[in-house]
Amino acid sequence: MAQTAAAAPAHKKVYLLRGLTNVLSPGIDQLNEELQHRNIDVTIANHAFSDALAHEAIEDCKSGRISSVVLVGHSLGASAAVSMAEQMRQAGLHVALIVTIDPVIKTVAPDNVHLLKNFYLSTGVGTAVERDGHFHGTLQNVDMGKTSYGHVSLTAAPAIQSQVMHDILTANSSCR
C-alpha cells in the first residue's frame, strides 16, 4: 500500500491525438500500444476530441489525480495538442512535454510548456513551431525534410518512435 501512495505523485498522463482520419497516423497507434505495454496511463483519440480531453486534463491536474501531462499529436492532432496546452495555460496549469509530428497549421508554443519537440517535413505540408513571446521552455524543431518519409509514414519512423518514447518516459514536470 505504501508503494501506491508513493507512486501517486508521479502519475503521468499521456494524450495521443491522431490527425484528420484515424487511419493516417499509424505511429500514434504504435505509441499507444507501447505505452499500454509499459502500463503508462494513455488516452488515444482523434484531434476533434481535444477540447473534451483538455477539460479532463485540467480537472485531473487540479484534483491531483494526475501530476504530469504529455501531449503528442500528428497533423491536425499536433495543432490540437498545442490547443490543449493553451487551454491548460488559461487554467493556470503546465504541460511537461508536447511532441508534434508534422503539424499542418501554423503553431505557436504556449508559455506553459516545459519542452516542445516538433518533427516536421519542410519539403511537405508540415511547418516549424514558433516560439510565443513569453515562452521560456525548450523548443526543438527537427526538420525531417531530407528523409524519404512522407506525412503519414513520418509518424512510424523508427528514429522518431524511439525518441518520442524516450521523451515521454523522461518527462516529469508537474502540471500544477
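Modeller: Start with burial: buried means under 20% relative accessible area, exposed over 50%, and partly exposed in between, with a 1.4 Å probe and protein chains only. By that rule C61 is buried, and C175 is buried too. This is a predicted model, where local features need pLDDT of at least 70, side-chain atom pairs count only at pLDDT 80 or more, and totals for chains, interfaces and linings use all residues. Residues are numbered from 1 along each chain as its sequence is written, and side-chain values use heavy atoms, with hydrogens and water left out.

Colleague: What makes C61 and C175 a disulfide?

Modeller: A disulfide here is a pair of cysteine sulfur atoms within 2.5 Å. The S to S distance of C61 and C175 is 2.4 Å. That meets the cut-off, so the pair counts. The search of the whole structure finds 1 disulfide. C61 sits in helix α3 and C175 in the segment after α5 (158-170), so the pair links distant parts of the chain, 114 residues apart. Helices (H or I, at least four residues) and strands (E, at least two) are DSSP runs, numbered from the N terminus.

Colleague: Why is the disulfide of C61 and C175 called left-handed?

Modeller: The torsion about its S-S bond is about -120 degrees, so the disulfide is left-handed.

Colleague: Why is L76 called partly exposed?

Modeller: Its relative accessible area is 22%, so L76 is partly exposed. D29 has 23%, so D29 is partly exposed as well. L76 lies in helix α4, while D29 is in helix α2.

Colleague: What does D29 touch, not counting residues up to four places away in sequence?

Modeller: D29 touches R18, N22 and I44. Contact means heavy atoms within 4.5 Å. The C-alpha atoms of D29 and R18 are separated by 8.5 Å. L76, leaving aside neighbours within four places in sequence, is in contact with G19, L20, H47, V104 and I105.

Colleague: What makes a set of residues a nonpolar core?

Modeller: They must be buried Ala, Val, Leu, Ile, Met, Phe, Trp, Tyr and Cys residues joined through side-chain atoms within 4.5 Å. The largest such core has 27 residues, and those with the most contacts inside it are V69, L71, M88, I98 and L116. Helix α4 gives the most to this core, with 6 residues. A second, separate core of 24 residues includes I28, I40, L154 and V164.

Colleague: Why are β1 and β2 said to pair?

Modeller: Two strands pair if DSSP finds at least two bridges between them. 6 bridges join β1 to strand β2 (residues 41-46), so they pair, and they run parallel. Y15 has T43 in β2 as its bridge partner. The chain crosses from β1 through helix α2 (residues 26-37) to β2, and this β-α-β crossover is right-handed. Right-handed means that, with the strands pointing away from the viewer, the path from the first strand over the helix to the second runs clockwise.
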